[in-house]
Amino acid sequence: MAYEALYTRARPKNFSQLIGQEHISNALARAVSGGKTSHAYLLVGTRGTGKTSTARLLAKAMNCEKVLEAQQSGEILSPKVIPCNKCSSCLTISSSPDNVEFDAASNRSVEDVTRLLSTAYLAPLQSRVKTFIIDEVHMLSFEAVNSILKLIEEPPPNVAFFLATTELHKVPMTIRSRCQVLNFRLIPQERITPYLLVLAKRLQVELEEDAAKKIARLAAGSMRDAMTYLDQCYATADEKITLDSVNETLGLISDSDLDKIISAIKSQERAAVAEATAHAFRSGLSAVSIAESLIVRLRDWEFKNLTGNDAELKMTEIFIDEIRKAIFEMNGSGVPDIILEMTLMKLAAPVRVKSPSAQAAEAPPQKNPAQAANINAFIDKKPSEIPAANKNYTRLTGNLDEDKKIFYDLLERLRDDELTNLLKRAEIVNFSEKSLVLKFAGGIMRDTFIDKHKQKLEEILEENFGKPIKIQVVGYENPKREDVFAGLDENAAAHLKKAMNIFKATKFDKIKM
């Protein structure tokens, strides 16, 4: 007999076995016992969270003889016995012509759906309710969706539809509004881990708790993924599945390798950092994956030592913050390995955690005390918390190079890493008391700035300099000529025209200079 995958063998047999989805299983159990089931359900959630399994259980429960008896007598059944899995209907439903399962990912045309639903108006042959389970319903074509809309809107008697999807936003509202929507949650690691230990006992193999936790974390909320990883480790294990065997089988970097990097950084031994990092790269993982693993390992260490030394906790937070910044830089870079290596080498340099008073004492003096007072107002404050600027605010010098220095000095003092990193990658085309003109190198950075940070930066500039400074992003929109130069002085307009001529962004092709 061919080997059966673990995730098929361990499928839930009743509603009580739906791990992590009790809010759905309990509600459905009450609806089934009371005979209040709907004719159409839309099951939504990430892969491996139990959508299709729930649809099969519900289809089986609607035809279960024990459930029918309970409905007639008014008895409320426990989720443990819904469905009963003992009556003739439960035992034969998988081969029943009245239970149809359809994969919309591979059969998405209107002809496929029409052929599938051609029997919907016919009475059930064996069961009380004819059930249609359509998986990945968001993959259906527009015409195919319309073909099932009428059936769901005015369903024939004794017909039920179960539509499963991982992307609710792709399902038309006309379908959503006619279905009861069941939202499946990601399954917590704390629920996956003990279930894996139970499965390991059934397989007659010893599973270390640390190994189970590693698999549960790797599954990222998907029980099916967790069982697939366990099945893979079980296939290569002898009598015991250890943390090292999990790392080796699944191609992961071991915790010991991560600990060597962290220990070398803390002991400020750069040679040891270089050696440990090189060994980590030999695992074959990408630099981003190694960096993310380091963050997770540092997080675990910090949560185990929450009552420990404050200086060490602060140092750990610094490590996490710097590695997170490195990941941001590595995305889209051609040399991610070097970026990670240099970041870790930088962290291995002596780190001093200073108090705010010591930092203020060692801060370099500002050339202009009024300017320093204005800029220092932003330290550790949100824009809405910044006090109104003094009437004697510091004006810009009118020299673009000098004004850029003022702007970058302000950036260094803002506690917003994403905004700071975005603006460091932008070119300041012009900076005056009326406007700040920016040019971004990429569309993603440009869109991110406009959607999330533009308004915030305008508030910061207004609070600091005492008057509104309009931010213009060159090359983003396709505005009219008068809108582009609105509110700009002659100097700013000249700079903007020059930038538009140089970059010739497609958004401005129709503007005549």
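**Figure 1. Helix 10 and helix 11 cross at roughly 135 degrees in this predicted model.** The axes of helix 10 (residues 209-219) and helix 11 (residues 223-236) come within 8 Å. At this crossing angle, helix 10 is oblique to helix 11, and the crossing of the two helices is right-handed. Helix 10 contributes Ile215, Leu218 and Ala219 to the contact, where they meet Asp225, Ala226, Tyr229, Leu230 and Cys233 of helix 11. Of the residues in this contact, seven are nonpolar, one is charged and none is polar.

**Figure 2. Serine 33 is a buried residue of helix 2.** Helix 2 spans residues 22-33. The relative accessible area of serine 33 is 3%, under the 20% limit, and the residue therefore counts as buried. A polar atom of the serine 33 side chain lies 3.2 Å from the backbone nitrogen of leucine 77. Leu77 is also among the residues that serine 33 touches, together with Gln71, Glu75, Ile76 and Ile82, when residues up to four places away in sequence are not counted.

**Figure 3. Alanine 160 is a buried residue of strand 4.** Strand 4 comprises residues 159-165. Alanine 160 has a relative accessibility of 2% and so counts as buried. Histidine 39 is 121 residues away along the chain, yet the C-alpha atoms of histidine 39 and alanine 160 are separated by 4.4 Å. His39 is likewise one of the residues touched by alanine 160; the others are Met62, Val129, Lys130, Thr131 and Phe132, with residues up to four places away in sequence left out of the count.

Key:
Residues numbered from 1 in each chain as written. Predicted model: local features only at pLDDT ≥ 70, side-chain atom pairs only at ≥ 80, totals over all residues. Heavy atoms only, no water. Axes fitted to C-alpha atoms, helices over the stretch in contact; angles between N-to-C directions. Helix = DSSP H or I, 4+ residues; strand = E, 2+ residues; numbered from the N terminus. Parallel < 35°, antiparallel > 145°, perpendicular 65-115°, else oblique. Left-handed = near helix turned anticlockwise from the far one by under 90°. Contact = heavy atoms within 4.5 Å. Nonpolar A, V, L, I, M, F, W, Y, C, P; charged D, E, K, R; others polar. Buried < 20%, exposed > 50% of the residue type's maximum accessible area, 1.4 Å probe, protein only. Polar contact = N/O pair within 3.5 Å; in protein donor to acceptor, adjacent residues only side chain to side chain.
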